[in-house]
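Here is a short briefing to read alongside the model. Please keep the sequence and the 3D view open as you go.

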Amino acid sequence: MNVTSFSRSGVSDWILQRASSVIMLAYSLAVASVVIPGTTYEAWTAFMTHTLMRGFSTLALVAVITHAWIGGWSVLTDYVTVRMLGPLGERLRLFLLGLMGALLLVYLLWGVFIIWGFS
């Protein structure tokens, strides 16, 4: 197992990325079902602050983070290599993976704070 991959194998990553896509599609359709002309702020707020919708929003956020990590990891391991960049390639890839991981963690925490209204 590569220490920088998201799961045990490429097949697992592929399945996780497809599953995260389905979750994001379902979330988009759920939100789009409410965004119709004449929707009031109060109705929108009630919909988005309902506990089930907050949970679904959190699940969708985790799906976006998972999807982004797998996609970013795939791109970086394909294009930032020792073969292409020499000895610097491995260090640069690990730095970029660390930076991406840190940013995704910040986005996850920030999103959870926004969704659940922590202050």
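**Confidence and ground rules**

Among the elements of this predicted protein, helix 3 has the highest mean pLDDT (95), while helix 4 (residues 82–85) has the lowest (80). Here pLDDT is the predictor's confidence in each residue, from 0 to 100, and helices (H or I, at least four residues) are DSSP runs numbered from the N terminus. The protein averages a pLDDT of 89, and 92% of the residues score at least 70.

This is a predicted model, in which local features need pLDDT of at least 70 and side-chain atom pairs count only at pLDDT 80 or more, whereas totals for chains, interfaces and linings use all residues. Residues are numbered from 1 along each chain as its sequence is written, and side-chain values use heavy atoms, with hydrogens and water left out.

**The nonpolar core**

- The largest nonpolar core has 11 residues: Leu61, Ile65, Trp69, Ile70, Trp73, Leu76, Val80, Leu97, Met100, Leu104 and Ile115.
- A nonpolar core is a set of buried Ala, Val, Leu, Ile, Met, Phe, Trp, Tyr and Cys residues joined through side-chain atoms within 4.5 Å; buried means under 20% relative accessible area, exposed over 50% and partly exposed in between, with a 1.4 Å probe and protein chains only.
- Beyond residues up to four places away in sequence, the core member Leu104 touches Ile65, Ala68 and Trp69, where contact means heavy atoms within 4.5 Å.

**How helix 3 packs against helix 5**

- The axes of helix 3 and helix 5 come within 10 Å and cross at roughly 170 degrees; axes are lines fitted to C-alpha atoms, for helices over the stretch in contact, and angles run from 0 to 180 degrees between N-to-C directions.
- Helix 3 and helix 5 are therefore roughly antiparallel, on a scale where angles under 35 degrees count as roughly parallel, over 145 as roughly antiparallel, 65 to 115 as roughly perpendicular and the rest as oblique.
- The residues of this contact between helix 3 and helix 5 divide into 16 nonpolar, 8 polar and 2 charged; Ala, Val, Leu, Ile, Met, Phe, Trp, Tyr, Cys and Pro count as nonpolar, Asp, Glu, Lys and Arg as charged, and the others, Gly among them, as polar.

- Trp116 sits in helix 5 and counts as partly exposed, at 29% relative accessibility.
- Leaving out residues up to four places away in sequence, Trp116 touches Thr51, Arg54, Gly55 and Thr58.
- Trp116 and Thr51 are 65 residues apart in sequence, with 8.9 Å from C-alpha to C-alpha.
- Thr58 belongs to helix 3 and is buried, with a relative accessible area of 19%.
- Apart from neighbours within four places in sequence, Thr58 is in contact with Val112, Ile115 and Trp116.
- Between Thr58 and Trp116 there are 58 residues of sequence separation and 8.7 Å in space, C-alpha to C-alpha.

**How helix 2 meets helix 3**

- Helix 2 (residues 41–49) packs with helix 3 at an angle of about 65 degrees, their axes 5 Å apart, and that makes helix 2 roughly perpendicular to helix 3.
- Phe47, Met48 and Thr49 of helix 2 make the contact with Thr51, Met53, Arg54 and Ser57 of helix 3.
- By class, this contact of helix 2 with helix 3 has 3 nonpolar, 3 polar and 1 charged residues.
- Ser57, in helix 3, counts as buried at 6% relative accessibility.
- Not counting residues up to four places away in sequence, Ser57 touches Tyr27, Met48 and Ile115.

- Ser20 is found in helix 1 (residues 10–32) and is buried, with a relative accessible area of 3%.
- Setting aside residues up to four places away in sequence, Ser20 touches Ala63 and His67.
- Arg18 also lies in helix 1, but counts as partly exposed at 38% relative accessibility.
- Ser33 has its place in the loop between helix 1 and helix 2 and is partly exposed, with a relative accessible area of 49%.
- Ser33 and Val11 are 22 residues apart in sequence and 33 Å apart in space, C-alpha to C-alpha.

Terms used:
Helix = DSSP H or I, 4+ residues; strand = E, 2+ residues; numbered from the N terminus.
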